Every structure is written in C-alpha cells, then in structure tokens.
Amino acid sequence: MSDVGSDEFDDERSKVGEYEGDRNEAGERHGVGKAVLPNGDVYQGQYEHGTRHGQGTYRFKNGARYVGDYHKNMKHGQGTFYYPDGSKYEGSWVEDLRQGHGVYTYPNRDTYDGEWQHHIRHGQGVYHYQQTGSQYRGSWLNGKMEAAGEYIHSNARYKGNFVNNNPCGPGKYVFDIGCEQHGEYQQAEQERAEGEWGELASTAVLKWIPKCVTGLTLWTPGKDTSGGEKEAAVAEN
C-alpha cells in the first residue's frame, strides 16, 4: 500500500518524510516498505509496529550505506556499513554500535579482523598493514594495542607486551633462520629545542635493548626468559 498523496498522512509526511509500503490494522508501518526521511536519507526494508525491524538497507545522503539487520530502529545483528571515505565494516552490531566480531577495511586498505566493543577495537584481533604486509596479532584495549601481542613481518616476528600501541618491556625477535634475540624495549628521553618559555622540551622514544641470541624457545608474555637461557651469542647495540 502507498500513502503518498493521501490526505490522511499529509501531516505525517511533513514530520517523518514519505513512506510507501505495508501497514498493519493500527496504521503502523509493518511489513516491507520504503521511507524517504526529511533529511534525504532513504530506508528500504522490513518494519515491525512502526520501527525498522528485520532486514533492510539504509542510504545516507552523504553516500554512506548500511545493509543488514535492524531491531527496533537500531542496527542490531549482522550488517555491513559502507562509509563515505571508502572504508567498510562487516560484522556484528549491538544497538547501533560495532560490537562482537567484525572486519573493518580502512581507506588505505589496511584491515582489522577481530573483536569490538562499544564501536572500538577491543579484545583479540589482527591488524594487517596493506603497504608492508606486516601484521599485529594480539590484544586490544579501548582501540589500542595492549598487553600480549606480536608483530609479524616477512622474515621475523616480535613477541612481547604492548602499552598504548607500542612494545614495552621484555620481548624477543624470532627470525626465520631459526634463532631468537631476547631483550627489552625501554623509553629513552630525547631532548628537543627550548619551548616558548625557555623550558627544555623532551619526548620519549622507544629503544630496543638486546641481551642475548638463542635457539628457538617458548615464550610467556610478561616473563623475561633471556636470563635463564644458555646464551649462544651476546648481542651488541
């Protein structure tokens, strides 16, 4: 049923846009329909008792598009969101937020495949860098690399702990040739030019402190294993 042109719904159109589709006996949008909102957005899909509910496609006037599940007007369930900048999210939604497992493809073609909470990366996930082919695989906290994780490169990988997106503390580099370099990342202060009021400004930079080279070993996050290994060679700065 179409109510476009019906005097009965002229006042409704001025407030909530135009709707063409099924209604129930109470006059609510119910079934399958298409709505053009006052701001120019368009929704086409399923309704239940006046709300978007079930499968649908929502097109934003800025070019964004969502295709997937709705529950009481909110993105909820499985769906794909296409953003105006070319990025895309495919995965789980809870009450309009990215939550659960999902894959996000960024404008530069980097990808994140893992867990989300409240719209941000949170839990276990893998971030793939398109330009270099490297990966980060491990824990995320509030959108940042945190706790145990590893950087995987073409011929080696780094295993250790991360704090605020950076490696921190004991860890090791594992090389494909069959050896490891144990050590730790420390923050080193680097002096910069004087600030506006004459004070010396400084910035913290990460520095890898090598300790020893060994054969392949097991590694426990947060544990410095280099001291208990039989040293094959002392690594020099």
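**Lys75 counts as buried at 11% relative accessibility, and its side chain meets that of Asp96 in a salt bridge.** The model is predicted: local features need pLDDT of at least 70, side-chain atom pairs count only at pLDDT 80 or more, and totals for chains, interfaces and linings use all residues. Residues are numbered from 1 along each chain as its sequence is written, and side-chain values use heavy atoms, with hydrogens and water left out. The N to O distance between Lys75 and Asp96 is 3.2 Å; a salt bridge is a side-chain nitrogen of Lys or Arg within 4 Å of a carboxyl oxygen of Asp or Glu. Lys75 is in strand E6 and Asp96 is in the loop between E7 and E8, so the pair links distant parts of the chain, 21 residues apart. Strands (E, at least two residues) and helices (H or I, at least four) are DSSP runs, numbered from the N terminus. Asp96 counts as partly exposed at 29% relative accessibility. The cut-offs are under 20% relative accessible area for buried, over 50% for exposed, and partly exposed in between (1.4 Å probe, protein chains only).

**Gly79 lies in strand E6, residues 74–82.** Gly79 counts as buried, with 6% relative accessibility. Leaving aside neighbours within four places in sequence, Gly79 is in contact with Tyr66, Val67, Gly68, Tyr89, Glu90, Gly91 and Trp93. Contact means heavy atoms within 4.5 Å. For one of these residues, Tyr66, the C-alpha to C-alpha distance to Gly79 is 7.0 Å, across 13 residues in sequence.

**Lys172 and Glu180 are joined through their side chains by a salt bridge.** The N to O distance is 3.1 Å. Lys172 is buried, with a relative accessible area of 1%. Glu180 also counts as buried, at 2% relative accessibility.

**Lys211 forms a salt bridge with Glu184.** The closest N and O atoms are 3.4 Å apart. This pair links distant parts of the chain: Lys211 belongs to strand E16 (residues 200–215) and Glu184 to strand E15 (residues 179–194), 27 residues apart. Lys211 counts as partly exposed, at 30% relative accessibility. A search of the whole structure finds five salt bridges.

**Strands E1 (residues 18–23) and E2 (residues 29–36) pair in the antiparallel sense.** The pairing runs over five bridges; two strands pair if DSSP finds at least two bridges between them. Glu20 stands opposite Lys34 in E2. E1 and E2 form a hairpin with five residues between them. In the turn, Gly27 has a positive phi of about 85 degrees.

Most residues other than glycine have a negative phi.

**Ser139 lies in strand E11, residues 135–141.** Ser139 counts as buried, at 16% relative accessibility. Not counting residues up to four places away in sequence, Ser139 touches Gly123, Gln124, Lys144, Met145, Glu146, Ala147 and Ala148.

Where pLDDT is low, the predicted coordinates should not be read in detail. For the protein chain the mean pLDDT is 84, and 78% of residues reach 70 or more.

**The protein chain has one helix and 16 strands.** Of its 237 residues, 35% count as buried. Among contacts with a separation of 6 or more, 13% are between residues 24 or more positions apart. The chain exposes about 13800 Å², of which carbon and sulfur atoms supply 48%. Accessible areas come from the Shrake-Rupley method with a 1.4 Å probe; for residues, only the protein chains shown count as cover.

Notes: pLDDT = per-residue confidence, 0-100.
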